[in-house]
Amino acid sequence: MIALSPLDLVLAGGAVVVLAVAGWRARLGVSRRLLWLACRASAQLLLLGLVLRFVLGTTRPLVVGGVALLMLVVAAREVKARQTRPLAGRWGYLVGVLAMFLSSFLCAAFALAVILGPEPWWAPRFSVPLLGMLLGNTMNGVSLSMERLTEAVVRSREVIEQRLALGEPRDAAVSDLLRESARAGLIPIFNSMAAAGIVSLPGMMTGQILAGAPAGEAVRYQILILLLIAAGTGFGVLGAVRIASRRLFDDRHRLRLDRLESR
């Protein structure tokens, strides 16, 4: 494995600075945000490296569980932050928490306990990276589907209320919007699966190969992760749009747009 020095990372950051300058000259209005996010991501990863030194060496399940819970809470916050019209109040976070917990956590537990079988099954060397990959991809799918759903409901308010007035239940009145929203949330994982091995080398496989792992073993691990991500993202998206759609109506099947925040 080729060790990287701080200078190597600075040189890589120089490419982002050049991009920011190009964006500034083109008046895209994203240069400052690009630089901020690049610095933020680098700082977060450096901090993660320090935390992982402790976490990967621990034998305490409570520590691993606490890290997993923190990852879930932060992912739920990002899901809400990426939406133009998130659900108001605690439901803006609860939808993401419930959807990602029931998908990513269950898929990760299944892979650890049944497929990989480390000892113990929650070994942080396996559980933390696996859960991170599942949560990251599920977070993207859930946020996209939620954004599409809330925007579509607002635009189609009159049509939905007409269908409700004709006697349709709430699920039927928004059934088309639910399908469209779910498809939107699944687009990123569909693209990743279609391009894997042809257009792009997935990140986990690339990392293992760079670290010196045999190519065949790296490919098998990448297939496992890709399939788990597809399942986790799919279940997360379906759960999120279902929970959110129920929240947009009351018990009398009336549309409640006052339950959405406006930014």
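Predicted model: local features only at pLDDT ≥ 70, side-chain atom pairs only at ≥ 80, totals over all residues.
I started with R27, which is exposed, with a relative accessible area of 78%. My cut-offs: buried is under 20% relative accessible area, exposed is over 50%, and partly exposed is in between, using a 1.4 Å probe and protein chains only. R27 is in the loop between α1 (6-25) and α2. Its phi is near 60°, a positive value in a residue other than glycine. For helix names I went by DSSP runs numbered from the N terminus (helices are H or I, at least four residues; strands are E, at least two).

Residues are numbered from 1 along each chain as its sequence is written, and side-chain values use heavy atoms, with hydrogens and water left out.

Next I looked up H253, in the segment after α10. H253 also isn't a glycine, yet has a positive phi of about 60°. Buried or exposed, or in between? H253 is partly exposed, at 31% relative accessible area.

Then E78, in helix α3 (residues 61-81). I found E78 buried, with a relative accessible area of 18%. Which residues does E78 touch? Leaving out residues up to four places away in sequence, E78 touches R40 and M139; contact here means heavy atoms within 4.5 Å.

Where does α8 bend? It bends by about 40° at I187, and a proline, P188, follows within four residues. That bend is the angle between axes fitted to the seven residues ending there and the seven starting there. Buried residues in α8 include L177, L178, A184 and I189. The buried residues of α8 pack against α5 (124-155), α6 (157-165), α7 (170-173) and α10 (215-247). Just after α8, G197 takes a positive phi of about 80°.

One more backbone item: the peptide bond from E119 to P120 is cis, with omega near -5°. P120 lies in the loop between α4 (91-116) and α5.

Last, L50, which I located in helix α2 (residues 31-55). L50 is exposed, with a relative accessible area of 54%.
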